[in-house]
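This report describes selected strand pairings and aromatic contacts. The sequence and the structure follow.

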Amino acid sequence: MPTLTLHDELTVPVSRAVAWASLHDLPLLDLAVKSAHGDSAALTRGPLALSYRLVLPSFEGTVQIEDVERPARLRISFLGRSPASGVVQGQAQCRLELMGDERTLLHWSVVLQTEQQPSGLKLRSIAALKAQLQALETAVRQHHASHLPLPTPPVRKPWPQRLIDWYLGWFAGIFNGTLYPLPKPKPPSEPPPK
């Protein structure tokens with residue numbers, strides 16, 4: 001079965017406990033799924049504890065949340081079928097990292113195994129993951145109002161400035177000894193015993 005691995009991050013303006021609770025809040029997760037995939041998508045409770053039935057335009061199956069390390073890490077297993085790729089199984093791991101009293105960073109790692117691998121599956125999967133994480137962030141912001149401003153992406157310097165910065169750093173590294181450090185002196189060797 002072809003395997004696909006995806007990684008992404010999401011920052012939410014809530015404490016780690018609230019972020020953990022949000023990942024177990026069915027109405028909030030259903031709202032995020034509908035926002036990312038349209039009104040035909042649905043997330044409903046399954047027969048087992050922490051199991052769900054997920055219906056998307058391109059996937060239908062079951063999802064099981066497994067608490068690995070509360071409130072720092074959890075794993076989500078899923079199994080279902082997609083018209084384009086056949087049987088789809090895999091898991092998503094989420095690590096919650098505290099970045100202050102009211103900000104949590106969620107590291108997501110997703111591993112998918114598909115029966116068939118149609119062309120463009122990786123690009124579509126990356127786009128779907130990004131859309132789902134943005135919808136989850138919006139849903140968390142709507143349910144848990146925050147006084148924190150939206151995070152802004154860092155401004156990238158123009159390429160001539162980046163080239164000059166690199167050259168000056170390289171040139172300075174030659175003269176201050178950090179680029180090519182001097183070898184460490186060897187300890188004096190003892191004469192062999194007679």
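Strand 1 (residues 3-12) and strand 7 run antiparallel and are joined by 10 bridges; two strands pair if DSSP finds at least two bridges between them. The model is predicted, with local features needing pLDDT of at least 70 and side-chain atom pairs pLDDT 80 or more, while totals for chains, interfaces and linings use all residues. Residues are numbered from 1 along each chain as its sequence is written, and side-chain values use heavy atoms, without hydrogens and water. Helices (H or I, at least four residues) and strands (E, at least two) are DSSP runs, numbered from the N terminus.

Five residues lie between strand 6 and strand 7 in their hairpin, where Gly100 takes a positive phi near 145 degrees. Because eight of the 11 residues of strand 7 (residues 104-114) are buried, this strand is largely enclosed by the rest of the structure. Buried means under 20% relative accessible area, exposed over 50%, and partly exposed in between (1.4 Å probe, protein chains only).

The whole structure holds two aromatic pairs. Rings of Phe, Tyr and Trp (its six-membered ring) pair if their centres lie within 6.5 Å; planes under 30 degrees apart count as stacked, over 60 as edge-to-face and the rest as tilted.

| Pair | Centres | Planes | Class |
|---|---|---|---|
| Trp166 and Trp170 | 6.2 Å | 10 degrees | stacked |
| Tyr167 and Trp170 | 5.7 Å | 35 degrees | tilted |

Trp166, Tyr167 and Trp170 form one aromatic cluster. Trp166 is exposed at 54% relative accessibility, whereas Trp170 is partly exposed at 33%.
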